[in-house]
Amino acid sequence: MHEPKTYDVAVVGGGIVGCATAMALAERHSLSLALLEAETRLAAHQTGNNSGVIHSGLYYKPGSLKATNCTRGREAMYRFCRDNGIAHERCGKIVVATRPEEIPRLDELERRGRANGLAEIRRLTPAAIREHEPHCSGIDGLWVPYTGIVDFVGVTEAYGRIVKERGGEVLTSARVMGMRRDNGAFALETTGGAVRCRNLVNCAGLQSDRVAELCGVAPGLQIVPFRGEYYEIVPGRQHLVRNLIYPVPDPAFPFLGVHFTRMVKGGVEAGPNAVLAFKREGYRKTDISPRDVLTYALFPGFWRMAAQHWRMGVGEMVRSFSKRAFVEALQRLLPDLRMDDVHAAGAGVRAQALDRSGKLLDDFRIVEAERMVHVLNAPSPAATASIAIGQSVAEMAARNFGLA
Ligand SMILES: Cc1cc2nc3c(=O)[nH]c(=O)nc-3n(C[C@H](O)[C@H](O)[C@H](O)COP(=O)(O)OP(=O)(O)OC[C@H]3O[C@@H](n4cnc5c(N)ncnc54)[C@H](O)[C@@H]3O)c2cc1C
């Protein structure tokens, strides 16, 4: 039988993180590389269903991987888009407090932002909020000029093109289903046929814990899917939002709260909420995978997390099933918004890692094993930070794999 080619490195997952990692690896080394993507196209999951925001680095704990990679990756993203003709705009955003108890949290965001190098953020009075966003009502606010909007699918496709230009292979319809060790190499069984590699990088997003397991690595965490549902403002009312309007997030929860985002391709989205999904790639409320539900329900940390966050979880579920409740949350920021100003749009599903103690992991989590690197938690702002993450994973891989 014909022996498949043995690649120096296989990168599993053709989302923005896998493609950025493959791009960095292909740049730095004259190695043979294959990028393996389960779907028929790149960016089919989190990357292709997100808000399209280039985040500033405001929210993250100073010194965390999120903070350092986001601030570095943000500027690299702007440069990449400019150099490769990808639609983007550095339009800035406002974060708005609508209740007095949110003001200390806004103070903390401002402090974090400055600690993360965002020297140009400015506090906004209610009148200054209205100068930025005439229909927005808030008692205190923050102007963040570093934030922008972008086409992340276009970015990922461009990364993929660069991988090919540098000699790498991009194999779509190649879902990794199994792995065995064979003569010092990994023999991967994929839906597109057998692939052999000497080293492996796992960037499989919603499936990253399972890919680690099938590679014989215990991830020590569980990916829990949280669906983010969007509404879109009807064309005649889009003037209500100029750019991006965000609430002050709840620090106990790793999501930002429903907000308004002008999209780079036109239109204004409202959302996403954060509802526990019953399927990892479950974009509709009716999507249920007994295997996916059972996997997290049997994980020890799940019920601890549920006990801690059930109140928030119920609120999100209500906002998922009731348009009125969703619109009421939005009206705190934009009182002029009416029920018939928005209609349901798409959804994305976040891969959020949960540890055994019931903690939703806040920071990125990258784990090394023999001849392997596993990216196990890469939630927002990983799209913004992708170039920085890709470079650090490639450096880690080069050391681990002994690449020249
Ligand atoms: C609703 C929502 C809004 C967000 N908004 C923003 C934002 O505005 N700005 C921002 O910076 N970030 C945002 N994020 C986060 C961002 O989208 C993710 O952090 C980023 O896309 C993660 O990229 P990834 O490559 O790790 O994952 P993915 O894009 O999910 O890619 C993983 C890939 O692996 C493939 N795969 C899975 N299993 C296998 C297998 N066995 N074999 C081969 N391939 C496999 C999948 O098909 C998929 O294409 C948002 C996320 C969501 C869900």
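Predicted model: local features only at pLDDT ≥ 70, side-chain atom pairs only at ≥ 80, totals over all residues.
**View 1. V11 sits in strand β1 (residues 6-12).** V11 is buried, as its relative accessible area is 0%. Setting aside neighbours within four places in sequence, V11 touches G18, A22, L25, A34, L35, L36, V201 and C203. Look for T21 as well: T21 is 10 residues from V11 along the chain, and their C-alpha atoms lie 7.8 Å apart.

**View 2. Helix α1 (residues 16-28) crosses helix α10 (residues 386-401) at roughly 55°.** The two axes come within 8 Å of each other. Angles between 35 and 65 degrees fall in the oblique class, so α1 and α10 are oblique to each other. The crossing of α1 past α10 is right-handed. On the α1 side, the contact is made by I16, V17, A20, T21, A24, L25 and R28. Facing them from α10 are S386, I387, I389, G390, Q391, V393, A394, E395, A397 and A398. Sorted by class, this contact has 11 nonpolar, four polar and two charged residues. L25 turns up here and also on the contact list of V11.

**View 3. Helices α8 (300-321) and α9 (residues 323-331) cross at roughly 110°.** Their axes come within 5 Å. An angle from 65 to 115 degrees counts as roughly perpendicular, which is why α8 and α9 are described that way. From α8, V318, R319 and F321 take part in the contact. Their partners in α9 are K323, A325, F326 and A329. The tally for this contact is five nonpolar residues, no polar ones and two charged ones.

**View 4. Several elements cover the buried residues of α9.** Which residues of α9 are buried? They are A325, F326, V327, A329 and L330. Of these, A325, F326 and A329 are among the residues that meet α8. The cover includes α8 along with the strands β13 (221-233), β15, β16 and β18 (342-355).

**View 5. β15 pairs with strand β14 (residues 244-247) and with strand β16 (residues 268-271).** Both pairings are antiparallel, with two bridges to β14 and four to β16. T261 is a handy landmark: it is the bridge partner of L244 and also stands opposite E269 in β16. β15 and β16 form a hairpin with five residues between them. In the turn, G266 has a positive phi of about 105°.

**View 6. Three strands make an open sheet in the order β3-β8-β4.** The pairing is antiparallel. β3 (53-54) and β4 (88-89) are the edge strands, each with a single partner, so one side of each has no neighbour in the sheet. Strand β8 (residues 148-150) is joined to β4 by two bridges.

Conventions: Residues numbered from 1 in each chain as written. Heavy atoms only, no water. Axes fitted to C-alpha atoms, helices over the stretch in contact; angles between N-to-C directions. Parallel < 35°, antiparallel > 145°, perpendicular 65-115°, else oblique. Left-handed = near helix turned anticlockwise from the far one by under 90°. Contact = heavy atoms within 4.5 Å. Nonpolar A, V, L, I, M, F, W, Y, C, P; charged D, E, K, R; others polar. Pairing = 2+ DSSP bridges. Buried < 20%, exposed > 50% of the residue type's maximum accessible area, 1.4 Å probe, protein only.
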